[in-house]
2 protein chains.
Amino acid sequence: MSAEPASDRVRLRRGANRAEYDRDAVLAVLDAGMIAHVGVTTPEGPIVLPMAYGRDDEWLYVHGSVANAALRAAVGTDICITVTIVDGMVVGRCPFHNSMNYRGVVVRGLARKVTDADEHLRALRLVSDHVMPTWDSARAPNAVEIRQTLVVAVALTEMSAKIRAGDPIDEPDDIDGPHWAGHVPLRTTWEPPVDAGDLPDGISVPPGIASLAGQRA
Amino acid sequence: MSAEPASDRVRLRRGANRAEYDRDAVLAVLDAGMIAHVGVTTPEGPIVLPMAYGRDDEWLYVHGSVANAALRAAVGTDICITVTIVDGMVVGRCPFHNSMNYRGVVVRGLARKVTDADEHLRALRLVSDHVMPTWDSARAPNAVEIRQTLVVAVALTEMSAKIRAGDPIDEPDDIDGPHWAGHVPLRTTWEPPVDAGDLPDGISVPPGIASLAGQRA
């Protein structure tokens, strides 16, 4: 454990020994993650939807269509943005001690609709380039496309990470027993890019995308 | 699109052409997924936490410690359980048409605390064996361990899936332009199992775990 949480609502109570409030450690998990699960309160109960995300030093951004009901409902309310990377399964001598190895971040805060044109464009680029940088090799979005995209920001203030790695923690009485224990890592890699069916001949994959093949995602 | 949703709160409004309400199709995504993101309403705003899950024909189960605050708060309230599998990134001629290929399910409903002893034990096994079957090769949980685990069930009734695969859908004017378009698949595989540091000599990996190495997770 390191540092202290910014608020009690992001303090880990269970598994507090795996809590990580250090800002750089939390941001490193956000940078390594691929999608966020965004929780929004609605009159019909909470809704959790997967979204792309990006960040700068101050803000975590998610985006969607201006017609996206959950994102519209989020604006002006407290939301929760959770990013989880599953690194493997942990197998204890008893299933009670099975677990997962993972890196996860929870960010809670007020969802602010981004209205400033410069911030809006910058946020779109951050979200777009978070997993795979394509902004510079693509056609720039036009004003109509930009207007169709709602960007929501949450301050990178109230956040915490939980990180688990390695072996199961079994009962002392089980250690010398006959059951296997260990962990099984997962590996996610990029496969070679696939041209769109409507791609004209002679257009090659941008180097930044081509070079991903075989690499860890 | 196939079938009709069980309620309006699981009807897809955006991307309705990618909606899937057919029961078998939704269940197939749940069976292929690894973790759920569970959304619970709290006085401090929604909280979204990653959890293991399992299912039978009627119920989706998640579990946690009896001291898990979010899970305790869930009981008796409407919650949302979201399972997302990211299959790859979709690159349009313009970032506005970037997307992801994915299979996702949203289940909404009342969180019921499982109190019946038989159902409780059965649910623990379903959750435990969902990603990697270890129940039969491990020591059985004892009464104390079972009592420490809270199981919450949500009916597999109000649910929908959203599935996207393949190429970007670009602007007609962009198709003959100079920009690359396509998609980049992701592949998640199991690595070889790693023995726990405290594993005595001579205990081998159960065949059901050993055989996973190199296979798609």
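**Burial, pairing and contact in a predicted model**

Modeller: B:Arg108 lies in strand S7 of chain B. The model under discussion is predicted.

Biologist: Why is B:Arg108 counted as buried?

Modeller: A residue is called buried if 20 or more other C-beta atoms lie within 10 Å of its own. B:Arg108 has 26 C-beta neighbours inside 10 Å, and therefore it counts as buried.

Biologist: Which residues are in contact with B:Arg108, leaving aside its neighbours within four places in sequence?

Modeller: The contacts of B:Arg108 are A:Gly45 from chain A, and B:Arg9, B:Val10, B:Asp78, B:Cys80 and B:Glu158 from chain B. Each is a contact in the sense that the C-beta atoms, placed from the backbone, lie within 7 Å.

Biologist: What makes strand S11 of chain A and S11(B) a pair?

Modeller: Two strands pair if DSSP finds at least two bridges between them. Five bridges join S11 of chain A, residues 182-190, to S11(B), and the two run antiparallel; by that criterion, they are paired.

Biologist: How many residues does each chain give to the contact between chain A and chain B, and which element of chain B gives the most?

Modeller: Chain A and chain B give 82 residues each. On the side of chain B, S11(B) gives the most, with nine residues. Among the other elements that give two or more are strand S7 (99-110) and helix H3 (117-131) of chain B. The residues of this side divide into 46 nonpolar, 20 polar and 16 charged.

Biologist: Where are the domains of chain A, and what separates their centres?

Modeller: The domain assignment places domain 1 at 8-170 + 179-186 and domain 2 at 188-217. Their centres, taken over C-alpha atoms, are 25 Å apart. Six residues from domain 1 of chain A and five residues from domain 2 of chain A form the contact. On the domain 1 side, the residues divide into four nonpolar, two polar and no charged.

Conventions: Residues are numbered from 1 along each chain as its sequence is written. Chains are lettered from A and ligands numbered from 1 in the order in which they are written. This is a predicted model: local features need pLDDT of at least 70, side-chain atom pairs count only at pLDDT 80 or more; totals for chains, interfaces and linings use all residues. Domain bounds come from an automatic or database domain assignment. Two residues are in contact if their C-beta atoms, placed from the backbone, lie within 7 Å. Ala, Val, Leu, Ile, Met, Phe, Trp, Tyr, Cys and Pro count as nonpolar, Asp, Glu, Lys and Arg as charged, and the others, Gly among them, as polar. Helices (H or I, at least four residues) and strands (E, at least two) are DSSP runs, numbered from the N terminus. A residue is buried if 20 or more other C-beta atoms lie within 10 Å of its own, exposed if 12 or fewer, and partly exposed in between; C-beta atoms are placed from the backbone.
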